[in-house]
Structures are given as C-alpha cells and as structure tokens.
Amino acid sequence: DSKNGFFWLNEAATGYEQTSVDFFTGLFRTEVVGLQKGGTVECVVLNACSTEKLGRELRAVGVPHVVCWQTEVQDTTAASFAREFYKSLDGQNPVHGTDYLVAFLQAAA
C-alpha cells in the first residue's frame, strides 16, 4: 500500500530505513510543480522490479517522465537498460532539449 514498504538509505548512509510512498512522492512535488519556472526534476528512473505503481504515483504528483518496470527484472537486464538509456541521453544535443522517449526506445531495443 502507499503507507509503507519503501526503503531508502538513511541520512548517515549506515543503513536503510522504511518510509511511506506518500512521503517519497511528496519529495518530488515541490520540484515538479514549478518545472516551467525553474523546477529541477524532469525524469525519474525507477530501475527496480515492479515499480509501475510508484511510477504512476510520481506521474500523479507531476513528474513529466517516469521510467519504471511493470514486472520483475533481472539485474543484468536492468543494468543494461540503464547503461543504454543514459548513453542515449548523453549523446543527445542539448540545444534541441532532452528526448526521454527516444532514450527509452533506444535502451529497450
């Protein structure tokens, strides 16, 4: 459920702590609301198994682009996807803006 089950590295970087998905998505809310006015979050990559629900919640708070997995994914597949996705982004001409769909399609090919 959206009340628990999400883990992240704690502030001291000594272990993981559990937090709510609502809290996590709330962290993005302030950064995406003003995207046209200097907001910083354009894309979130959830490169882990079965992250579609979280991805949909991030879209609901306004993240324009979310990459996530509907099902389980092997570590090697996820690593390969991430490598190709970021390689594609790196190869794009910043003058023309970032095209996350192109990067996704190239990584998924």
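L105 lies in helix α4 (residues 100-108), where helices (H or I, at least four residues) and strands (E, at least two) are DSSP runs numbered from the N terminus. The model is a predicted one, in which local features need pLDDT of at least 70, side-chain atom pairs count only at pLDDT 80 or more, and totals for chains, interfaces and linings use all residues. Residues are numbered from 1 along each chain as its sequence is written, and side-chain values use heavy atoms, with hydrogens and water left out.

At 49% relative accessibility, L105 counts as partly exposed; buried denotes under 20% relative accessible area, exposed over 50%, and partly exposed the range in between (1.4 Å probe, protein chains only). Together with L101 and F104, L105 makes a nonpolar surface patch of about 290 Å². Patches consist of residues with over 30% relative accessible area and no salt bridge, nonpolar side chains (Val, Leu, Ile, Met, Phe, Trp, Tyr) being joined within 5 Å and like charges within 9 Å. A salt bridge is a side-chain nitrogen of Lys or Arg within 4 Å of a carboxyl oxygen of Asp or Glu.

F104 also belongs to a cluster in which ring pairs link W69, F81, F85, Y86 and F104. Rings of Phe, Tyr and Trp (its six-membered ring) pair if their centres lie within 6.5 Å; planes under 30 degrees apart count as stacked, over 60 as edge-to-face and the rest as tilted. Five aromatic pairs are present in the structure. With ring centres 5.7 Å apart and planes at 70 degrees, W69 and F81 form an edge-to-face pair. F81 and F85 form a stacked pair, at 5.8 Å centre to centre and 15 degrees between the planes. These two residues are four residues apart in helix α3 and are therefore separated by about one helical turn.

In helix α2 (residues 52-60), the buried residues are L54, G55, E57 and L58. They cover an arc of only 160 degrees around the axis, which puts them on the same side of α2; the arc is that of the directions from the helix axis to the C-beta atoms. K53, R56 and A60 are exposed on the other side of α2. G62, which follows α2, has a positive phi near 110 degrees.

T25, located in helix α1 (residues 21-33), counts as buried at 3% relative accessibility. Leaving aside neighbours within four places in sequence, T25 is in contact (heavy atoms within 4.5 Å) with L54, E57, L58 and V61.

Note on methods
Areas by Shrake-Rupley, 256 points an atom, 1.4 Å probe, with all protein chains shown as cover.
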